[in-house]
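Dear colleague,

I am passing on the structure below, together with some notes on what was found in it. Please read the notes with the coordinates open.

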Amino acid sequence: MVVEARNTLTRVFVVKKDRQVYAYENSCPHTRGPLDWVPDRFLDEDANYIMCANHGALFQIGDGLCVYGPCKNDRLRALPCTIRNRVIHAQL
């Protein structure tokens with residue numbers, strides 16, 4: 001999903017896990033490039049981690065912390081989000 005704010009475009013994605021919804025900017029802290037090679041595919045094979053397709057870094061879904069890869073201990077930029085009337089609202 002692409003969100004326009006203050007005349008700039010920001011790519012964001014949303015992950016649902018254990019009935020919780022998490023929104024992140026689609027930007028690797030290591031390369032600043034997008035995390036997905038295939039559009040809208042952000043999770044590893046087991047759907048346990050967000051994975052950077054460029055170098056295989058793994059990020060915890062709940063807090064965006066990198067637990068494996070060249071950006072270990074960095075975090076994805078989390079965006080506050082809520083669900084109202086079955087629509088996800090993320091704040092930049």
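Leaving aside its neighbours within four places in sequence, Phe59 is in contact (heavy atoms within 4.5 Å) with Pro29, Leu35, Tyr49, Ile50, Cys52, Gly64, Leu65, Cys66, Cys71 and Leu76. Phe59 is also listed, with Phe13, Leu35, Ile50 and Leu76, as having the most contacts inside the largest nonpolar core, which has 14 residues. Such a core is a set of buried Ala, Val, Leu, Ile, Met, Phe, Trp, Tyr and Cys residues joined through side-chain atoms within 4.5 Å, where buried means under 20% relative accessible area, exposed over 50% and partly exposed in between, with a 1.4 Å probe and protein chains only.

This is a predicted model, in which local features need pLDDT of at least 70 and side-chain atom pairs count only at pLDDT 80 or more, while totals for chains, interfaces and linings use all residues. Residues are numbered from 1 along each chain as its sequence is written, and side-chain values use heavy atoms, with hydrogens and water left out.

The loop between strand E3 (20-25) and strand E4 (49-51) holds Leu43, with strands taken as DSSP runs of E of at least two residues, numbered from the N terminus. Leu43 counts as partly exposed because its relative accessibility is 35%. Beyond its neighbours within four places in sequence, Leu43 is in contact with Val15, Tyr49, Ile50, Met51 and Ile61, and its C-alpha atom is separated by 8.7 Å from that of Val15, 28 residues apart along the chain. Asp40 has its place in the loop between E3 and E4, and because its relative accessible area is 62%, Asp40 is exposed. Ala47, also placed in the loop between E3 and E4, has a positive phi of about 60° although it is not a glycine. Most residues other than glycine have a negative phi.

Strand E8 (residues 81-84) and strand E9 (residues 87-90) pair in the antiparallel sense over four bridges, pairing being assigned if DSSP finds at least two bridges between two strands. Thr82 has His89 in E9 as its bridge partner. The hairpin of E8 and E9 has two residues between the strands, and in it Asn85 takes a positive phi near 55°. Arg86, in the loop between E8 and E9, has a positive phi of about 65° although it is not a glycine, and Arg86 is exposed because its relative accessible area is 82%.

Best regards
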